[in-house]
Amino acid sequence: MRLLGRMVMLALLALANTGPASAQQATPPELALWRLDCGEIVINQYGAFFSDTYQYPAGPKTVVGSCYLIRHGDRYMLWDTGLTDALIGGGFSNAQQTLSLRRSLVDQLREIGVRPEQIEIIGISHWHFDHTGQARHFPQARLLMGAGDLELLRLPSPPDADSAEALAHWLTGDGKVQALTADHDVFGDGRVMLLKTPGHTPGHNALLVRLASGPVLLTGDIYHFTEQVENRGVPPFNHDRADSLASMDRFDRIARNLGARVIIQHEAADVAKLPPFPEAAR
């Protein structure tokens, strides 16, 4: 009987430990996600440039550059850093494209009360210049990036000199950098995950953010615009066609299984699925 009484007491203590105080301690940090304006790109001949099977008509086509701020409790992460802010007030144009940028990341962060030095982590989806342009403003941040992409940018003659310059602080060993070869749990609780999705580049990653309102999937450049989702248009400049198609399949399956809100980062209509800045999705 004494043993039975002790078991009952232990059970009551366990129930007591699941009360309001314990529940409060177990409450996860709040997640918030802001969309940030990171430029505009007019592709002059997108038909030839974005499909290796001639699926699209001749250009031009306008796409957006977008970046994202994630707040996990009191910790901040940037996802991609867009076009360089050297474009503000001038822009750039050549036979292939026209680039423009209205506001810097630092200026947008200031509007919502976030200082550059508060950014703890920068996640870069891939090495292309329209995703790396303003990283240099956050030298204290730890860079998360695919190992294959970092290897390319560290070559004596990198494939994108602008990106190599933008990320020089990390590529030369001065900055904190983590080279990723698999999916990565950013904050250790499974709610912000870099997803290994090679093909567009060898180290390409997408991002999953599990907000309280539902999961959001940010594509990086798995897709550039809506038509690619259905017709599987693979740009001829992608690193690997088979990997590109496999990553599209994986990404789509994750989206279906989680019921996620998909944001194609270069598609204005998709970016508009998130609240307009300075509001945040939660």
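This is a predicted model: local features need pLDDT of at least 70, side-chain atom pairs count only at pLDDT 80 or more; totals for chains, interfaces and linings use all residues.
Residues are numbered from 1 along each chain as its sequence is written, and side-chain values use heavy atoms, with hydrogens and water left out. Helices (H or I, at least four residues) and strands (E, at least two) are DSSP runs numbered from the N terminus.

**Helix H10**

- The buried residues of H10 are Ser244, Ser247, Met248, Phe251, Asp252, Ile254 and Ala255, where buried means under 20% relative accessible area, exposed means over 50% and partly exposed lies in between (1.4 Å probe, protein chains only).
- Viewed down the axis of H10, these buried residues fall within an arc of 160°, so they line one face of the helix; the arc is that of the directions from the helix axis to the C-beta atoms.
- On the face of H10 turned away from the buried side are the exposed residues Ala242, Arg256 and Asn257.
- The cover over the buried residues of H10 includes strand E10 (192-196), strand E11 (205-211), E12 and strand E13 (261-263).

**Aromatic pairs and charges over rings**

- A search of the whole structure finds eight aromatic pairs, a pair being rings of Phe, Tyr and Trp (its six-membered ring) with centres within 6.5 Å, and with planes under 30 degrees apart counted as stacked, over 60 as edge-to-face and the rest as tilted.
- One of the pairs is Tyr46 with Tyr56, which is stacked, at 5.6 Å centre to centre and with 20° between the planes.
- Tyr46 lies in helix H3 (residues 46-49) and Tyr56 in the loop between H3 and strand E2 (61-72), so this pair ties together parts that are 10 residues apart in sequence.
- Tyr46 is buried, with a relative accessible area of 7%, and Tyr56 is buried, with a relative accessible area of 9%.
- The rings of Tyr56 and Phe225 have centres 5.2 Å apart and planes at 75°, so that pair is edge-to-face; because Tyr56 lies in the loop between H3 and E2, and Phe225 in the loop between strand E12 (214-218) and helix H9 (227-231), the pair ties together parts that are 169 residues apart in sequence.
- Phe225 is buried, as is Tyr56, and ring pairs link Tyr46, Phe49, Phe50, Tyr56, Phe225 and Phe237 into a cluster.
- The charged end of Lys61 sits over the ring of Tyr46, 5.3 Å from its centre, and Lys61 also lies over the face of Phe225, at 5.0 Å from the ring centre; a charge sits over a ring if NZ of Lys or CZ of Arg is within 6 Å of the ring centre and within 35 degrees of the ring normal.

**Salt bridges**

- The structure holds 16 salt bridges, each being a side-chain nitrogen of Lys or Arg within 4 Å of a carboxyl oxygen of Asp or Glu.
- Glu30 and Arg71 meet through their side chains in a salt bridge (3.1 Å, N to O), which links distant parts of the chain, with Glu30 in the loop between helix H2 (20-26) and strand E1 (31-43) and Arg71 in strand E2, 41 residues apart.
- Glu30 counts as partly exposed at 42% relative accessibility, whereas Arg71 is buried, with a relative accessible area of 17%.
- Arg102 and Asp37 form a salt bridge (2.8 Å, N to O), and this pair too links distant parts of the chain, Arg102 being in the loop between strand E5 (97-100) and helix H4 (105-111) and Asp37 in strand E1, 65 residues apart.
- Arg75 forms a salt bridge with Glu120, with the closest N and O atoms 2.6 Å apart; Arg75 lies in strand E3 (residues 75-79) and Glu120 in strand E6 (residues 119-123), so the pair ties together parts that are 45 residues apart in sequence.

**Two individual residues**

- Gln134, in the loop between helix H5 (129-132) and strand E7 (142-146), is buried, with a relative accessible area of 0%.
- Leaving aside neighbours within four places in sequence, Gln134 is in contact (heavy atoms within 4.5 Å) with Thr81, Gly82, Leu83, Thr84, Asp85, Leu101, Ser104 and Leu105.
- Glu230, in helix H9, is exposed, with a relative accessible area of 76%.
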